[in-house]
Amino acid sequence: TKCAACGSAGTELKRCLRCNEVSYCNKDCQTQDWKEHKQRCGAMRELFEMGSPDLRAAAITAQAKVANQAIKAAKKSGTPVVSMSSTAFGVVAPGMPIPAGVPPNYGLKQAAVMDFHSGASSSGGRGNMRGEQAYRAYYDDLEDNREQWLAFFDIHQHHMDAEHTCGILGTLATIYRQRGVLDMCEKVLDMEDEVLRRYQRSSAVEGPGAVRCYDELNYKYQVIRYNIHLQKKRY
């Protein structure tokens, strides 16, 4: 074990009492590292208090919160943000050829995820609704290249792609439902249902953290379906 601040190794290191995940030589080192550690520390502590046995899922969630805040800060300052994704077929990044097996317009998914994460609600909402244009462009490509996208989501290594897609489609469906464009809302939900079923299979392979994410997304999906039935008076 090494000190998270200075990197020194030793047996007398003391763990952070809030998250119990990082260690320090002394109080000075902990104070020095606090600016960087406090956001990850709070996110991990929140999940531990929920009784999550899946520490890997807790770490991933904590890292995602920090990454989302970094994206927001970069956009606010005008700093260019480059999206890079790892897939079962290879890395997808600007200026690089799309690997065989990856949908050719994968960049639309990256753009939609960037908008979704940079405005995601800290209170557990459906994410940033201001990204409607990017969400719709991605949805249109999902429909136009349905077989290729669904085959991509069938590969369990792409479970995060499926998870992000369900969040994006759920947000787009909510926008249409609140606007009263119910037929379009149902079409978006039909696509989300296809992706959800594939995410359910991959989440079973990935473990408890992914299963919980699936359960939450499926619950939100069912709520939107229920509200549509009410609005269309399908009793």
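Which residue's side chain meets arginine 198 in a salt bridge? Aspartate 154 does, at 3.2 Å, N to O. A salt bridge here is a side-chain nitrogen of Lys or Arg within 4 Å of a carboxyl oxygen of Asp or Glu. This is a predicted model: local features need pLDDT of at least 70, side-chain atom pairs count only at pLDDT 80 or more, and totals for chains, interfaces and linings use all residues. Residues are numbered from 1 along each chain as its sequence is written, and side-chain values use heavy atoms, without hydrogens or water.

**Salt bridges**

- The structure holds 14 salt bridges.
- Aspartate 154 sits in the loop between α5 and α6, and arginine 198 in helix α7, 44 residues apart. Helices (H or I, at least four residues) and strands (E, at least two) are DSSP runs, numbered from the N terminus.
- Arginine 198 is buried at 13% relative accessibility, while aspartate 154 is partly exposed at 43%. Buried means under 20% relative accessible area, exposed over 50%, partly exposed in between (1.4 Å probe, protein chains only).
- Arginine 146 pairs with glutamate 143 at 2.8 Å, N to O. Glutamate 143 is partly exposed at 27%, and arginine 146 is partly exposed at 29%.
- Arginine 146 also forms a salt bridge with glutamate 194, at 3.8 Å, N to O. That pair links helix α5 to helix α7 across 48 residues.
- Shared partners join Glu143, Arg146, Asp154, Asp193, Glu194, Arg197, Arg198 and Arg201 into one network.

**Nonpolar cores**

- The largest nonpolar core has 36 residues. Such a core is a set of buried Ala, Val, Leu, Ile, Met, Phe, Trp, Tyr and Cys residues joined through side-chain atoms within 4.5 Å.
- Phe153, Val188 and Val195 have the most contacts inside this core.
- Helices α3 (106–118), α4 (132–144), α5 (146–153), α6 (159–179), α7 (182–206) and α8 (208–231) each give two or more residues to it. Helix α7 gives the most, with 8.
- Beyond its neighbours within four places in sequence, valine 188 is in contact (heavy atoms within 4.5 Å) with Tyr139, Leu169, Leu172, Ala173 and Tyr176.
- Another core, of 6 residues, lies apart from the largest one and includes Cys3, Val22, Tyr24 and Cys29.

**Surface**

- Methionine 84 lies in the loop between α2 (55–77) and β3 (85–87). Methionine 84 is exposed, with a relative accessible area of 59%.
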